[in-house]
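Student: I would like to learn how to read the local features of a protein model. Could you take me through some of them, giving the general idea before each case?

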Amino acid sequence: MLFFDHPFRSRKSVDHGTASEIAVDDADQVVPERADLRRSLQFMFSAVTKEIGSMMGTHDATKCRKSGKGLTCFPLELGQCECGQIVEIDVSNNAIPHIPASVAKLAALTALNLSYNQLTSLPEEFGQLVALVHLDLSFNNLQILPETVCHLRSLKFVNLRSTQLSELPDGICEMSSLTYLNVKGNKLTRLPVNITQLTGLLELDLSDNMLAELPEHIGKMTSLVRLNATSNEISHIPESIKNCSKLVVVRIAANKLEYVPHEVGFLPQLSWFSMASCPAALAAPAPHEEVEVVTMDALRLGKVLKAGANGVVHWAKMSDKQVVVKVFKEEVGLNGCASDEIALTASLDHPNCTRALALINHPQLALVMEHFRGKPLESESRVREDPSSTGEQRLRKNPTSPKPREWRVSNGSAGVATVSRGYAIQVASDVASGLRYLHTSLQICHGDLHPHNVLAAPDGAACISDFGSAFRYHPEERRVWEPVDVRGLGVVLRSLEERTVQPEEDLAALSTSCLTENLLDRPDLDAVISRLQRMQYGKFCE
């Protein structure tokens, strides 16, 4: 492993289990004579370590990491030394303004992280890094990419988030191995027509751009599992999307959509969906009668419980009562408008749903909620993975695949199942009851029913939380959107079943029914609750 270490200090060792390590001082960039000497020593050291490793049969490829070390230029050593064995470079969180043409010498490079720098362009020679699989250019100022980038046909993971791009190269379809593409937070007004030829793409993030439409032939992208197009100017969803039968997650909130085709809701694997803050979603019902409007002065904020993309959740005291406060970072966030989330949450009045107590409009938007004595069924960090993975490891990529019974639960303890049958059924019953209230009484689809959005108390009492993705639909559309939440419920049920003391065939059978891809065979919420009640009294038999 090749480390760039602290200035004027070197670190050298041979790890016979992994890779050789070479140190490069920052001072080399400002003292040329020292750089030449150091470079010569590096060559000698590299040759020796390779020879030793080869003799022992343990030599592996070289890696370079210098993240957040104050670099103001790309390390010259990487383009001038014998670098054929360097496979990974991480120089993120620096102040690098450009990449030299000599980068083309890194012929074996498979992973390159240049995120959070000051790049304004890439050299044409960049397209010669044909072994590259993982490329992260996020949070730079590139504005445009050279067409030669499209020659990188081995690329699977590309992160171009917040790079100020106004367009993508027309030859992007040549990246035939691509499985993950993130162009969030740019200035895109259109996509290349041939982007739909990326038929192996699993995840596509188009959010926070200025796109007026999705590709008309998006249905050709039949491998898509996750599509995020939130915060654009999209007014139409192509009918061909019905062919994207592997879609599990669709986020299209905060757009100009006046109508969402029912074919979207009928996608067989769709488990999480949001069209919040679109004209197609109905306005939230009126707040329940106990909700009041207060100022931040009415609260005493405590420790942070959770910090997310949309806001920060605190413990707080209001009139000596323990409460929870979500302070929003901005009006339009990851899943739509904060004001819509606040209004919709304030309308809920059910023991199995988050209950609002007060609204705050100034100086920041905030929502004061009743404190529920439970904890998330599963920590959110467990469901987040390296988005470059192939799809078989996480529920969002294959929510019907059961996990091994031996796994770590949210409190970090290792081992097999940790809850009783009665606890699991009680939690499941409460979640199903809260969902039925949302759909039957208010025509609200939660849209993000993950285990980490279910709070469960020690006695099994449970509450659905986080309505950031939720939206209200027309009453006649219940048959379209209720099945989506039922499939999300299936993921929650499976999570519960996997941690029970003994295998629970009836709970497993119910989760499988909820996760079925055939909508005609998927139970509605009334049927789910009926089956859970029969389990509770020991009368259920599959």
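Tutor: Let us begin with burial: a residue is called buried under 20% relative accessible area, exposed over 50%, and partly exposed in between, with a 1.4 Å probe and protein chains only. By that rule S277, at 19% relative accessibility, counts as buried. Please keep in mind that this is a predicted model, in which local features need pLDDT of at least 70 and side-chain atom pairs count only at pLDDT 80 or more, while totals for chains, interfaces and linings use all residues. Residues are numbered from 1 along each chain as its sequence is written, and side-chain values use heavy atoms, with hydrogens and water left out.

Student: What is the phi of S277, and where is its place?

Tutor: Most residues other than glycine have a negative phi, and most peptide bonds are trans. Phi of S277, however, is near 65 degrees, a positive value in a residue other than glycine, and S277 sits in the loop between strand 13 (272-274) and strand 14 (292-294). Helices (H or I, at least four residues) and strands (E, at least two) are DSSP runs, numbered from the N terminus. Q443 also has a positive phi, of about 55 degrees, although it is not a glycine; Q443 lies in the loop between helix 5 and strand 23 (444-445) and, at 14% relative accessibility, counts as buried.

Student: Which residues does a cis peptide bond join?

Tutor: The bond joins H362 and P363, with omega about 0 degrees, and P363 lies in the loop between strand 20 (356-360) and strand 21 (366-370).

Student: How many bridges join strand 4 to strand 5, and in which sense do these strands run?

Tutor: Two strands pair if DSSP finds at least two bridges between them. Strand 4 (residues 62-65) is joined to strand 5 by four bridges, and the two run parallel, with K63 opposite E88 in strand 5. Strand 5 also pairs with strand 6 (residues 111-113), in the parallel sense over three bridges, and here D90 stands opposite N113. Four of the five residues of strand 5 (residues 86-90) are buried, so this strand is largely enclosed by the rest of the structure.

Student: At what angle do helix 7 and helix 8 pack?

Tutor: Two packed helices are described by the angle between their axes and the distance between the axes. The axes are lines fitted to C-alpha atoms, for helices over the stretch in contact, and angles run from 0 to 180 degrees between N-to-C directions. Helix 7 (residues 505-514) and helix 8 (residues 525-536) pack at about 175 degrees, with their axes 11 Å apart. That makes helix 7 roughly antiparallel to helix 8 (angles under 35 degrees count as roughly parallel, over 145 as roughly antiparallel, 65 to 115 as roughly perpendicular and the rest as oblique).

Student: How many aromatic pairs does the structure hold?

Tutor: Rings of Phe, Tyr and Trp (its six-membered ring) pair if their centres lie within 6.5 Å; planes under 30 degrees apart count as stacked, over 60 as edge-to-face and the rest as tilted. The structure holds five such pairs. The rings of F157 and Y180 have centres 4.5 Å apart and planes at 5 degrees, so this pair is stacked, and both F157 and Y180 are buried. The rings of F471 and W481, with centres 5.5 Å apart and planes at 90 degrees, are therefore edge-to-face.
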